Each structure stands twice: as structure tokens, then as C-alpha cells.
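Hello,

Here is the structure I promised to pass on. My notes follow below it.

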Amino acid sequence: MMKLSYHGHSIVKIETNGKTILIDPFINGNDTTDLDADSVKADVILLTHGHNDHVGDTVEIAKRNDALVVAPFELATYLGWQGVNTHPMHIGGAHEFDFGRVKLTQAFHGSAYTEEENQRIVYTGMPAGILLFAEGKTVYHAGDTALFSDMKILGERYDIDAAFLPIGDNFTMGPDDAALAAEWIGARKVIPVHYNTFPVIEQNPDSFVQALPGGAGVVMNPGDEMEL
């Protein structure tokens with residue numbers, strides 16, 4: 001069975017088809033995570049966009065594990081220049097990998113990596129959400145995004161088993177918009193992410209999931225696992 005686990009902020013781990021996949025591994029500097037960047041294992045890293053709190057420790061983890069990094073084209077190019085093995089994609093595109101099929105969706109946000117040592121911001125293309133199809137299951141990670149009406153199409157077109165939606169507000173959807181997104185998407189399980197890492201995105205995840213119909217909402221604490 002596919003195993004999902006949540007690890008603070010927007011970090012999701014997926015174990016499927018004998019592979020371990022990390023999404024947005026922001027570990028160092030993230031007080032909400034239970035992971036150790038120096039020991040975490042990954043065969044694949046999927047990135048939604050180029051902000052530092054999503055790229056996180058990707059370069060170090062990928063090099064240590066010889067992991068493949070799948071990311072939007074500009075971000076993949078930037079990471080490739082740092083010696084990382086990458087597979088570039090773009091919104092609307094899909095690709096069949098040995099671990100499953102990945103399709104990038106729209107996300108309404110920004111995407112740039114801040115190089116603090118150079119006091120430079122590097123544009124890293126458009127942000128994305130991620131659809132992963134594996135073992136007959138469909139997982140949606142919305143990335144950082146505002147509410148947008150095409151989420152209705154995702155719900156109409158795909159039978160989504162689990163959806164990870166940001167609820168932090170300020171930088172992304174807040175709980176009210178995320179609840180509407182959950183309604184449109186119609187996933188069997190909806191897990192809130194991207195909250196409580198910083199004071200400006202503090203939210204009550206229990207209140208959010210209680211507002212969702214049919215018991216679909218699930219609060220996952222860092223380290224919690226779910227099987228699909």
C-alpha cells in the first residue's frame with residue numbers, strides 16, 4: 001500500500017513502488033519538522049516552487065542520496081547548475097517515472113530563490129501543484145497557492161484520494177478558502193499544510209478539518225502516517 005506521512009510546513013513523504021519521495025523538504029530552519037536533513041532518505045524529491053521554505057535542503061539531500069529532483073523547468077535548471085540530477089517539467093505536463101506518473105498543475109503564487117550570501121533573488125519560473133498517480137491512487141499536493149476556480153476541474157477530472165492544502169493565510173489560502181478548495185476537489189482525505197511554521201501563518205488545523213463535510217479532514221502532526 002502507498003504510505004503518506006507529514007513532516008511539518010509543507011513536507012510530505014510518500015512511499016510507493018519501492019521508492020521514497022519527499023515533497024518540498026524544508027528541514028533546517030523549520031522548527032515544526034521531525035526530520036533530520038543529514039540522515040533523511042529519499043529516492044526522489046518533488047518541488048512545487050523555488051521559495052527557500054520549499055526548496056529547503058534539496059541540494060544536500062539529493063546529492064547524499066543520489067536522488068532525482070523533479071521541478072518546474074527554471075527551478076530544475078537552477079538546481080542542475082549545483083550538481084543535482086533533475087527532471088524539468090512545466091504546468092500541464094505529465095511524465096511517467098518508475099515510481100509513478102507526475103503531473104504539474106497550476107498554483108497561484110510566486111517562485112524565486114533568495115541567495116542571502118549574494119543578496120540576490122533568482123527567478124525560478126512559475127509555481128505548481130503536484131498530482132502523483134501511483135498504485136492506483138491519486139495524491140494532490142497544492143503547493144503554495146491561492147484559491148482558484150480551476151480546482152473544480154481537478155475534482156471533476158481526477159478521483160483524488162488525498163489532498164494536501166495550505167491553510168496558513170497571508171502567503172497562501174486561509175482556512176475559509178481552503179475549505180472551499182476541498183469542496184471543489186472532493187478528495188477522500190484532506191490534510192492541512194503550510195501553517196504554524198511562522199507567527200504570520202498561525203492557524204488552528206482542528207477548526208479547519210471540523211469545518212469539512214463527511215469527516216474528510218485529517219490533522220497530521222509531524223511524523224504521522226496514513227496508508228492509502
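Glu225 is exposed, at a relative accessible area of 52%. Buried means under 20% relative accessible area, exposed over 50%, and partly exposed in between (1.4 Å probe, protein chains only).

First, the ground rules. This is a predicted model, where local features need pLDDT of at least 70, side-chain atom pairs count only at pLDDT 80 or more, and totals for chains, interfaces and linings use all residues. Residues are numbered from 1 along each chain as its sequence is written, and side-chain values use heavy atoms, with hydrogens and water left out.

Confidence (pLDDT, the predictor's score for each residue, from 0 to 100) averages 97 over the protein, and 100% of the residues score at least 70. Strand 10 has the lowest mean, 96, and strand 4 (residues 44-46) the highest, 99. Strands here are DSSP runs of E, at least two residues; helices are runs of H or I, at least four; both are numbered from the N terminus.

A search of the whole structure finds 5 salt bridges. The criterion is a side-chain nitrogen of Lys or Arg within 4 Å of a carboxyl oxygen of Asp or Glu.

- Glu225 pairs with Lys3, with the closest N and O atoms 3.8 Å apart. Lys3 sits in strand 1 (residues 3-6) and Glu225 in strand 15 (residues 225-227), 222 residues apart. Lys3 is partly exposed, at 25%.
- Lys19 pairs with Asp98 at 3.7 Å. Lys19 is in strand 3 (residues 19-23) and Asp98 in the loop between strand 7 (94-96) and strand 8, so the pair ties together parts 79 residues apart in sequence.
- Asp161 meets Arg188 at 2.9 Å, N to O. Asp161 is buried at 8% relative accessibility; Arg188 is partly exposed at 45%. Asp159 joins these two in a network of salt bridges.

Next, strand 11. 7 of its 7 residues are buried, so strand 11 is largely enclosed by the rest of the structure. Strand 8 (residues 101-106) runs antiparallel to strand 11, joined by 6 bridges. Leu104 has Ile130 as its bridge partner. Strand 12 (residues 137-141) also pairs with strand 11, antiparallel, over 5 bridges. Pairing requires at least two DSSP bridges between the strands. Leu131 stands opposite Tyr140. In the hairpin of strands 11 and 12, with 2 residues between the strands, Glu135 takes a positive phi near 55 degrees.

Last, Met126. Met126 lies in the loop between strand 10 (120-123) and strand 11 (128-134). Met126 is partly exposed, at 46%.

Best regards
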